[in-house]
Amino acid sequence: MTLSTLVPPHVAWQTGALKNGPVIRKTTDIAALAGVFADTKSWQRCEPGQAVYDVDVLQTETCEGALFTGVTHVHPGRVGDEFFMTRGHFHARREQGEVYFGLRGCGLLLLQNERGEARVEIVTAGSVHIIPGYTAHRLINTGGEILSALAVWPTVAGHDYATLSDGFSVRIKTDGTGWRAEASHD
């Protein structure tokens, strides 16, 4: 019997680096995050090309039943008193869930349902986060080093950024020594 042997993709748990597979990298800079941060004046003073986060995804065919695997790396930093964060999104196919695994750094996973009810989960190396369908999600780096999280999600899930054009219902801001949550729309 002949059995094929394959060396699968690999993730370096300490850094989140992906290898042994075709990896696609997308970098999101400050300029691409217009309207995400509350303090528009502070956002305008930032270097437009400054990277806020990178997403590395193993290239995978998009079809029913297939899964994407990727790592999001959120850089440390702030715009005004808000920490660097991902844009955040619902899935275009709302019923699709996702799983995050904290790899390094420290931060928060902001979750919000379609009624605007929000909660946060602490993200650290080794944390596991089950994101149910119908739930928007955003990673926020509250620490001084890169926050990396491995994610697995259906390739058919898609992204819906438009529903959150007014942002999440809460904002996470520095309180000088840690973080605090406050309502976005009072």
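## Val79 and its surroundings

Let's start with Val79: leaving out residues up to four places away in sequence, Val79 touches Ile30, Phe37, Asp39, Ser42, Trp43, Cys46 and Phe84. Touching, or contact, here means heavy atoms within 4.5 Å. Keep in mind that this is a predicted model, where local features need pLDDT of at least 70, side-chain atom pairs count only at pLDDT 80 or more, and totals for chains, interfaces and linings use all residues. Residues are numbered from 1 along each chain as its sequence is written, and side-chain values use heavy atoms, with hydrogens and water left out.

## The nonpolar cores

Val79 is also one of the residues with the most contacts inside the largest nonpolar core, along with Ile30, Phe37, Leu109, Leu139 and Ile140; that core has 34 residues. A nonpolar core is a set of buried Ala, Val, Leu, Ile, Met, Phe, Trp, Tyr and Cys residues joined through side-chain atoms within 4.5 Å. Buried means under 20% relative accessible area, exposed means over 50%, and partly exposed is in between (1.4 Å probe, protein chains only).

Which elements give two or more residues to this core? They are β4 (51-58), β5 (67-74), β9 (107-113), β12 (135-141) and β13 (147-154). The labels come from DSSP runs numbered from the N terminus: helices are H or I runs of at least four residues, and strands are E runs of at least two. There's a second, separate core of six residues too, with Val11, Leu58, Leu103 and Leu150 among them.

Gly70 sits in strand β5. Its relative accessible area is 2%, so Gly70 counts as buried. Beyond four places in sequence, Gly70 is in contact with Leu18, Asp56, Val57, Ala149, Leu150, Ala151 and Trp153.

Thr86 belongs to the loop between β7 (82-83) and β8 (98-104). Buried or exposed? Thr86 is buried, because its relative accessibility is 10%. Setting aside neighbours within four places in sequence, Thr86 has contacts with Tyr53, Thr72, Val74, Arg138 and Leu139.

## The largest pocket

The largest pocket has a volume of about 530 Å³. The search runs on a 1 Å grid over the protein atoms alone: a pocket is an open set of points with protein on both sides within 12 Å along at least five of seven lines, whereas a cavity is a set of points where a 1.4 Å probe fits but cannot get out; lining residues have an atom within 4 Å of a point. Grid points are joined across faces, edges and corners, and a volume is the space filled by probe spheres set on the points.

Of the 25 lining residues, Val55, Val57, Trp153, His159 and Tyr161 are the closest to the centre of this pocket. β3 (23-29), β4, β5, β8, β12 and β13 each supply at least two lining residues, and β4 has the largest share, with four. The lining splits into 12 nonpolar, nine polar and four charged residues. In that count, Ala, Val, Leu, Ile, Met, Phe, Trp, Tyr, Cys and Pro are nonpolar, Asp, Glu, Lys and Arg are charged, and the others, Gly among them, are polar.

## The second largest pocket

The second largest pocket holds about 160 Å³ of space. It is lined by 15 residues, and those nearest its centre are Val36, Arg138, Leu164, Ser165 and Gly167. Here the lining divides into six nonpolar, five polar and four charged residues.

Ser165 lies in the loop between β13 and β14 (170-174). With a relative accessible area of 58%, Ser165 is exposed.

## Positive phi and a strand lysine

Asn20 and Tyr134 are worth a look for their backbone angles. Asn20 has a phi near 65 degrees, a positive value in a residue other than glycine, and is in the loop between β2 (18-19) and β3. Tyr134 also has a positive phi near 65 degrees; its place is the loop between β11 (128-131) and β12. Asn20 is partly exposed at 45% relative accessibility, and Tyr134 is partly exposed with a relative accessible area of 45%.

Lys173 lies in strand β14. Lys173 counts as buried because its relative accessible area is 11%. Outside four places in sequence, Lys173 touches Asp81, Glu82, Phe83, Gly178, Trp179, Arg180 and Glu182.
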